[in-house]
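Please look over the sequence and the model before reading on.

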Amino acid sequence: MAEVRRRYRTIGDPVLQGALANLQHRLGPAAAAAYQALPEGPALRQRAHAIRAKAIADLDVLLAELADRITRRGGHVFFAADAAEAVAYCLETARRHRVKLAVKGKSMVTEEIGLNAALTAAGIETVETDLGEYIVQLAGEHPSHIIAPAIHKTRAEIGRLFAAKLNIPLTDDPPTLTRAARRALRKKFLTADMGITGVNLACAATGHIALLSNEGNIRMATTLPRVHVAFMGMERIAAQLTDHDILLRLLARGAAAQKMAGYISYIGGPRQPGHTDGPESFHLVIVDNGRSRILADRTFREILYCIRCAACLNVCPVYAKIGGHAYGSAYSGPLGAVLTPLMKGIRRASDLCLGESLCGACRAACPVDIDIPRMLLALRSCLAEGDRYWQIRPLNPLAGRLCDIWSWIVSDRRRYDAALACARFCQLLLPRKNGMLHRLPPPFSGWTSSRDLEPLARRPFLRRCSRQPRRHREAPESGADRNRS
Amino acid sequence: MKRLKAARTETGADPVQRHRFLNRIRSALNHPNSGRGAPAAAHATSKAGPHHQGAAGARPCGRPEELLQRLQEAAAELNIHLSLHDSPASAGRCMAAMITRKAPPRNGRREVAIWRHPLVARLELPQRLAGAAITCRTTAAADRTYATRRRFYRDLEAAAVGVTSADYCLADTATLVMRSRPGQPRSVSLLPDIHAAVIEAGQLLPDFSRLCRLLSSGADEGKRGLTHCMTLISGPSKTADIEAVMVEGAHGPRALYLYVILAAPIDAPQPETSGKPRTTS
């Protein structure tokens with residue numbers, strides 16, 4: 001219970017509730033409007049879905065093509081089966097180039113494989129350079145949103161943090177704080193030996209990775225240090241540049257309701273001879289880490305279409321209340337509720353897929369039209385009925401039997417009425433508190449473990465309705481209002 | 001052990017590792033759970049792949065005046081200081097005045113970093129700024145060692161303004177498209193406080209879709225490709241990470257000045273070659 005209270009403490013924090021509500025209020029409708037304003041209209045999302053589906057179906061061919069083209073330009077491509085291999089490769093590269101300081105662009109996959117901790121343990125100073133990530137790193141916390149990592153911190157908190165860590169006068173003015181971070185990070189950029197980034201979307205036909213940012217930190221990390229290591233989840237690839245056109249435009253709209261990201265860098269290898277800047281050594285680490293297992297299951301393959309824009313976070317009513325940290329993984333929001341169980345174990349992360357509301361807002365907001373509610377339901381069905389592929393045994397075989405009995409009862413009016421009459425009689429025997437049922441007997445006791453239950457009405461609703469005089473229908477408005485309040 | 005061995009190979013492209021990785025994907029795509037019989041269709045994705053068509057493809061390229069108007073709207077949205085000029089001389093005068101007015105002294109000096117580029121050269125900035133005691137450094141197209149490159153970055157960091165051109169400009173989003181070339185480092189548009197770019201109206205493209213189609217076409221531009229680094233810039237560097245307050249000048253330039261030369265006096269761009277940049281590499 002204490003664990004639950006700690007994880008969901010967000011709910012009792014009025015400042016954070018305000019910040020989350022503000023974020024959703026600002027970005028949710030704006031993204032929807034941005035889809036509407038597309039020259040092709042919102043139907044482009046379905047086309048993007050088809051493009052992603054095709055790319056995932058051809059994943060082996062596309063990855064081989066990408067790797068060949070990058071290698072031909074003098075870049076190195078490493079295929080990492082799991083997190084440990086990816087981290088080991090990065091450490092080995094850092095050791096070979098005698099790296100002391102690494103600057104990082106925002107990347108979900110490095111968060112997933114725990115790269116920062118490994119680099120720090122190896123004595124390499126690792127600095128996050130996205131302003132939000134930098135704040136979160138200075139505070140010793142974890143990001144709580146895919147594109148707004150420090151959404152859970154107020155400007156006053158950030159002011160105090162910067163005053164303590166960066167030795168600047170106390171202020172809560174965002175431009176002043178941004179300039180202070182800029183000054184501190186400029187020094188890091190100019191002295192760093194290694195730049196580490198993620199990949200937003202690779203392009204197989206041209207052999208490039210595309211990196212998006214608004215701050216310019218990713219351009220710094222890919223231009224100034226002498227080594228650049230880019231990490232990409234193996235699914236983040238498109239066949240050709242014309243697919244990038246559709247996907248990147250949707251990504252910018254879904255993420256920040258922008259027509260175009262501030263900076264897009266297409267990088268296809270290290271500095272070429274005669275050129276003035278760029279890294280001497282370029283490494284692309286393609287990470288599997290459980291993705292091929294998801295790929296093999298057609299039910300969940302669709303989650304690999306995700307391009308990590310965070311649009312689903314910006315509309316999710318559950319995310320709005322519990323915030324990103326409660327998901328206990330790098331991936332939060334509806335996306336995380338599907339992806340985290342598949343990566344960490346469906347049973348282990350079961351409360352993620354069980355806790356979502358299935359309202360469908362995430363699907364409506366998704367720039368590539370991923371049916372997240374369908375997959376949440378499929379995860380629940382795995383949990384209830386067991387699944388051999390994911391090695392899940394059903395938690396409670398009795399529950400399935402009870403559901404069968406329930407469906408038999410409710411599929412017939414007479415059986416249902418008889419069951420209700422029986423229940424109405426039985427509830428007289430149960431203990432009550434303030435007129436509410438306080439405790440149900442097993443196997444129904446779970447329903448009352450944390451709340452009381454309204455008893456069944458003495459007369460069923462339908463029968464009461466049929467006896468009501470007609471005048472009540474004349475004032476439906478007032479009735480509806482009373483119900484709402 | 002295998003893991004360590006793989007990590008040790010300098011190329012990173014351990015063929016066994018790669019083979020095993022791709023095989024895992026192949027078998028996943030054929031897994032009984034995936035409910036599909038045939039192996040992944042090994043079709044050519046690069047050249048023969050279907051090119052993007054549809055609503056965006058059908059849109060007209062746009063007449064120059066119309067493109068300019070779309071550029072003006074997009075620039076206003078992104079706080080880009082856009083000005084239109086009849087000649088490079090006029091753009092040069094305007095840019096020199098902006099630099100004199102805006103460039104703050106750094107370490108007691110005022111410096112401007114300039115791309116080695118024919119269009120930028122025609123602005124004659126060194127002559128125009130000599131009177132204001134502002135030094136212009138034109139980036140050399142020399143191959144540098146890491147140590148001299150570091151010094152170059154430090155010099156650039158001291159420059160108040162970086163002056164570049166671009167390969168294209170996308171009108172709908174006011175996006176500058178720059179490909180890497182010797183003498184045209186990407187850090188000039190990144191490290192200085194202010195980024196000033198000059199282009200000719202003939203370099204305008206309607207939007208990102210048009211750029212993607214142009215670069216994946218079989219024409220000259222498609223063959224030249226993206227080079228090893230292509231950068232797209234839409235507006236100044238910005239962030240909204242502190243309580244969603246928009247602040248310009250996060251890590252890169254805090255202001256972007258864009259000078260568009262409407263008609264080049266020497267050779268006016270022909271309509272059919274209007275998409276091509278007038279750069280030499």
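## Chain A in outline

Chain A holds 23 helices and twelve strands, where helices (H or I, at least four residues) and strands (E, at least two) are DSSP runs numbered from the N terminus. The model is a predicted one, in which local features need pLDDT of at least 70, side-chain atom pairs count only at pLDDT 80 or more, and totals for chains, interfaces and linings use all residues. Residues are numbered from 1 along each chain as its sequence is written, chains are lettered from A and ligands numbered from 1 in the order in which they are written, and side-chain values use heavy atoms, with hydrogens and water left out.

Of the 485 residues of chain A, 56% count as buried, that is, under 20% relative accessible area with a 1.4 Å probe and protein chains only.

## A packed pair of helices

Helices α16 and α19 of chain A pack against each other as tabulated here.

| Item | Value |
|---|---|
| Helix α16 of chain A | residues 333–344 |
| Helix α19 of chain A | residues 372–385 |
| Angle between α16(A) and α19(A) | about 40° |
| Distance between their axes | 10 Å |

Axes are lines fitted to C-alpha atoms, for helices over the stretch in contact, and angles run from 0 to 180 degrees between N-to-C directions. Residues in the contact (heavy atoms within 4.5 Å) include A:P334 and A:L335 of α16(A) and A:I372 and A:M375 of α19(A).

## Residue A:R249

A:R249 lies in helix α12 of chain A, residues 241–256, and counts as buried because its relative accessibility is 6%. Leaving aside neighbours within four places in sequence, A:R249 is in contact with residues including A:L38, A:E40 and B:F208.

Conventions:
Buried means under 20% relative accessible area, exposed over 50%, partly exposed in between (1.4 Å probe, protein chains only).
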